[in-house]
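Here's a friendly walk through a protein model for anyone meeting it for the first time. Have the structure open as you read.

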Amino acid sequence: MEKGMISVDRWSEESQAYFLTHLHSDHTKGLSSKWRRGPLFCSPITATLFPPKFPDFDLSLIRVLEAGTSRSLTLVSPSSGSEIAFDVTVIDADHCPGAVMFLFEGEFGRLLYTGDFRWEGTRERALVGRSVLVEALKGGTIDFLYMDNTYCNPSYSFPPKEVVANQVVKIISAYPDHDVVIAINTLGKEDLLIHISKALNIKIWVWPERLQTMHLLGFHGIFTTNTSLTRVRAVPMYSFSINTLEELNKISPTIGIMPSGLPWVVKSLDQNDNSVGSSLKVFQGQKKETATDQDHVNRNQKYEDMSPYTKFHRYIYSVPYSDHSCFSELQEFYKLVKPINVRGIVSSSSCYIDPLYYLGNLSDSNELIEGTNMKFPKLKVDESGESPQGKSVCCNLSIGARFRRKCSKKISSLSVRSGRVTSMRRSKRGVSIAEIASGV
């Protein structure tokens, strides 16, 4: 497919059709209320959340695509003027509300762009998404995969989100006389907050803009902006810090909870204070088991007994509640789609992990590109992450520059903004310890 026809999560280039995986800021960089470049394809939930995020946006440009469906589209070749037909299948990514993957199929082959995703083995939405993808592939493979590689490192192994949510409830229950602040982004972690609300029969405070989002998502009666109605508050990620918790504790006893797949490392100010951890380890789960190995309840109980949370400051708990797939989940996904070529969508000179570094041995194809120097388009580093935590902007694909398969299928003109690090640097550093604005 020629350059200038399709762009996914990239808004600055001229294309005939644009696709948005979800509304996190690192995937909407360059998109604004004044943007008018062409039709924008997204999920129904993303379309619903669009007006508050982009006031005065021309909503006539939005084209809604339901997850689990396919649509045939026809564009015009910029070079020949001839029509080029292809199909796009929309797949639930189970990342944040409205997040989807896009599978493009045509004479150019198959291209899958995951955006950000979390596919747990037993989670219903992940199972549905997997079923849709398997049906679309019909036993075939992916010619080119753009994959969420946020945690593409064996160091990252998370328990199921349900288990971590139960641990959060236990933490809150252990402090009945404390206020509780939970760090979240502008979209995502809704399941966690709803779980807490139902388990403890309480409302959850959120800031006004977040309350509007909750109402648009159909959550009524659970969230409030009245601080007198609850002791549990979900606060913006940028306002969550050790200094903030220390100041809050001068007013009333308060604990903070950071739900994230990332490890949080701090140096103890008082070496004799055992409540402060000088080093955090990523939760190491047991060997992955399939649903047939044992029932879901027993599987979760194993994780429950392992206490997947850490107190790294006397006021703050870190829990591995992530909206990105951990390494074992990425392994299963990789084996499912059997990509001929792959590129990670998280791009930063300091945190980029080439998926082939850890996953390349899972492929039985001799055509799989080895290393980072093989016929990939020119890479650019984008260090302009919007998160105050220092997250580097990820993803941005525009279908462009040529690569080939021996079976003679071609996809031309692929460009992705990405970064390189040496193999040694990857093995030593993995993902940099920085907050992921796209919903960790």
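## Before we start

This is a predicted model, in which local features need pLDDT of at least 70 and side-chain atom pairs count only at pLDDT 80 or more, while totals for chains, interfaces and linings use all residues. Residues are numbered from 1 along each chain as its sequence is written, and side-chain values use heavy atoms, with hydrogens and water left out.

## The whole protein

The protein has ten helices and 21 strands. Those are DSSP runs numbered from the N terminus, with helices (H or I) needing at least four residues and strands (E) at least two.

Of its 440 residues, 56% count as buried. Here, buried means under 20% relative accessible area, exposed means over 50%, and partly exposed is in between, using a 1.4 Å probe and protein chains only. As for contacts (heavy atoms within 4.5 Å), take those in the protein with a separation of 6 or more: residues 24 or more positions apart account for 69% of them.

Helix H2 covers residues 124-137, and its 14 residues reach 20 Å from first C-alpha to last, close to the 20 Å expected. That expected span is 1.5 Å times one less than the number of residues.

Which residues of H2 are buried? They are Ala-126, Gly-129, Val-132, Leu-133, Ala-136 and Leu-137. They cover an arc of only 130° around the axis, which puts them on the same side of H2; the arc is that of the directions from the helix axis to the C-beta atoms. An α-helix has 3.6 residues a turn, so residues three or four places apart point the same way. Covering the buried residues of H2 are, among others, strands E6 (83-92), E7 (100-106) and E8 (109-113), along with helix H8 (327-337). On the face turned away from the buried side, you'll find the exposed residues Glu-124 and Glu-135.

## Two helix pairs

Let's look at H3 (residues 161-173) and H4 (residues 190-200), which pack at about 50° with their axes 9 Å apart. Axes are lines fitted to C-alpha atoms, for helices over the stretch in contact, and angles run from 0 to 180 degrees between N-to-C directions. That makes H3 oblique to H4. For reference, under 35 degrees counts as roughly parallel, over 145 as roughly antiparallel, 65 to 115 as roughly perpendicular and the rest as oblique. Asn-166 of H3 and His-195 of H4 both take part in the contact. The C-alpha atoms of these two, 29 residues apart along the chain, are separated by 8.1 Å. Asn-166 is partly exposed, at 24% relative accessible area.

The other pair is H1 (residues 44-53) and H5 (residues 208-216), whose axes come within 10 Å and cross at roughly 155°. H1 and H5 are therefore roughly antiparallel to each other. Thr-48, Leu-49 and Pro-52 in H1 meet Gln-212, Thr-213 and Leu-216 in H5.

## Two lysines with a positive phi

Most residues other than glycine have a negative phi. Lys-138, though not a glycine, has a positive phi of about 50°, and Lys-189, also not a glycine, has a positive phi of about 70°.

Where do they sit? Lys-138 lies in the loop between H2 and strand E9 (144-147), and Lys-189 lies in the loop between strand E10 (179-184) and H4. Lys-138 counts as exposed, at 65% relative accessibility, whereas Lys-189 is buried, with a relative accessible area of 6%.
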